[in-house]
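The following note sets out points for a colleague who is examining the coordinates. Each point may be checked directly against the model shown here.

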Amino acid sequence: MRRARRKAGAAGGGGALGRAGRLAPAEGGLRAVQRQVLRSFATTGRAPTASGLAETAARYGTTAGEVLAGLHAGDFVQLGPGGGIRAAYPFSAAPTPHVVRIAGGPRVHAMCAIDALGVAAMLGTGVTITSADPRTGEPVTITVQAGAETAAWQPPVAVVFSGQRTSCGPAGCGAAATQAVPPAAEVCCGYVNFFTTPASAAAWAGACPEVTGQVLGQTTALRLGAAIFGGLLAGAR
């Protein structure tokens with residue numbers, strides 16, 4: 001597999017896969033509210049309102065606003081200027097190039113290519129992803145089977161470029177961020193995309209000197225998405 005510029009610890013290394021993905025801590029209702037937000041996207045295609053989260057937060061002696069602020073600070077969700085949810089990895093409340101059609105469910109947008117590939121593992125259902133090569137505009141379609149162990153890619157040689165503009169989780173949006181670095185939504189998600197061929201991905205990377213990353217093959221990208229997001233709703237009611 002052809003590789004683009006790469007930093008130490010780039011995608012596919014133990015650092016990303018050794019984390020617990022993007023699962024928020026259980027304390028203070030963080031995990032319960034995070035999971036409610038994810039289920040809302042998965043079933044309705046939209047983020048819930050703060051009032052819709054109030055009952056869950058109250059069970060932990062807090063408010064929805066306080067819990068959402070904590071999730072935002074930990075980069076488990078990202079809030080917009082008005083306090084509404086604009087991202088809950090892997091989902092985006094705003095349109096992105098990565099559209100995910102959930103089998104038996106809604107059409108949603110994913111924050112990046114790796115996030116889109118993680119939806120099937122998180123929900124335990126099949127999905128169809130439509131995106132486009134950002135260099136050529138040519139379409140890329142991936143049908144991921146339930147369980148996220150296999151997928152059909154069109155074009156058959158399509159790949160993922162996993163990049164970052166500054167220090168960020170090396171697997172794109174999925175690698176957990178810390179307060180010491182900017183949110184993944186700001187510095188990674190725009191640089192983790194599908195490409196029709198490895199050559200197209202390498203050419204795009206070569207034209208973007210501010211971006212560091214690498215080309216990921218189909219199996220690696222699919223496994224990475226599953227590793228990051230597969231456990232977010234495991235055991236949740």
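How many aromatic pairs does the structure hold? The structure holds four, where rings of Phe, Tyr and Trp (its six-membered ring) pair if their centres lie within 6.5 Å, planes under 30 degrees apart counting as stacked, over 60 as edge-to-face and the rest as tilted.

1. Basis of the note. This is a predicted model, in which local features need pLDDT of at least 70 and side-chain atom pairs count only at pLDDT 80 or more, while totals for chains, interfaces and linings use all residues. Residues are numbered from 1 along each chain as its sequence is written, and side-chain values use heavy atoms, with hydrogens and water left out.

2. Overall composition. The protein has eight helices and eleven strands; helices (H or I, at least four residues) and strands (E, at least two) are DSSP runs, numbered from the N terminus. Buried residues account for 51% of the 237 residues, buried meaning under 20% relative accessible area, exposed over 50% and partly exposed in between (1.4 Å probe, protein chains only). The accessible surface comes to about 9,800 Å², and 53% of this belongs to carbon and sulfur atoms; the areas come from the Shrake-Rupley method with a 1.4 Å probe, and for residues only the protein chains shown count as cover. Among contacts (heavy atoms within 4.5 Å) between residues at least 6 apart in sequence, 64% join residues at least 24 apart.

3. Aromatic residues. W153 and F194 form an edge-to-face pair, 6.0 Å centre to centre with 70 degrees between the planes. This pair links distant parts of the chain, with W153 in strand β8 (residues 151–154) and F194 in strand β10 (residues 192–195), 41 residues apart. W153 counts as buried because its relative accessibility is 5%, and F194 counts as buried because its value is 0%. Elsewhere, ring pairs link F161, F195 and W204 into a cluster.

4. I142 in strand β7. I142 lies in β7 (residues 139–144) and counts as buried because its relative accessibility is 0%. Leaving aside neighbours within four places in sequence, its contacts include both W153 and F194, as well as L117, V127 and I129. I142 and T130 are twelve residues apart in sequence, and their C-alpha atoms are 6.7 Å apart in space.

5. Helix α2. This helix (residues 30–44) has 15 residues and reaches 21 Å from its first C-alpha to its last, close to the 21 Å expected at 1.5 Å a residue; the expected span is 1.5 Å times one less than the number of residues. Its buried residues include Q34, R35 and F41. Just after α2, G45 takes a positive phi of about 80 degrees.

6. S92 and its surroundings. S92 is in strand β3 (residues 91–92) and is buried because its relative accessible area is 8%. A polar atom of the S92 side chain lies 2.7 Å from the backbone oxygen of A94. Beyond neighbours within four places in sequence, S92 is in contact with F41, R86, A87, H109, A110 and M111; F41 is itself among the buried residues of α2.

7. Cis peptide bonds. Which residues does a cis peptide bond with omega of about 20 degrees join? They are Y89 and P90, and P90 is placed in the loop between β2 (85–88) and β3. The ring of Y89 also has the charged end of R22 over it, 3.9 Å from its centre; this requires NZ of Lys or CZ of Arg within 6 Å of the ring centre and within 35 degrees of the ring normal. A cis peptide bond also joins Q154 and P155, with omega of about 0 degrees, and P155 lies in the loop between β8 and β9 (159–164).

8. T196. T196 is in the loop between β10 and α7 (198–206) and is buried because its relative accessible area is 6%. Among its contacts beyond four places in sequence are P155 and D133.

9. D75, in the loop between α4 (64–73) and β1 (78–79), has a positive phi near 60 degrees, and D75 is buried because its relative accessible area is 4%. A148, in the loop between β7 and β8, likewise has phi near 60 degrees; A148 counts as buried because its relative accessibility is 7%.

Conventions
A polar contact is a pair of N or O atoms within 3.5 Å; within protein, one must be able to donate a hydrogen and the other to accept it, and residues adjacent in sequence count only if both atoms are side-chain atoms.
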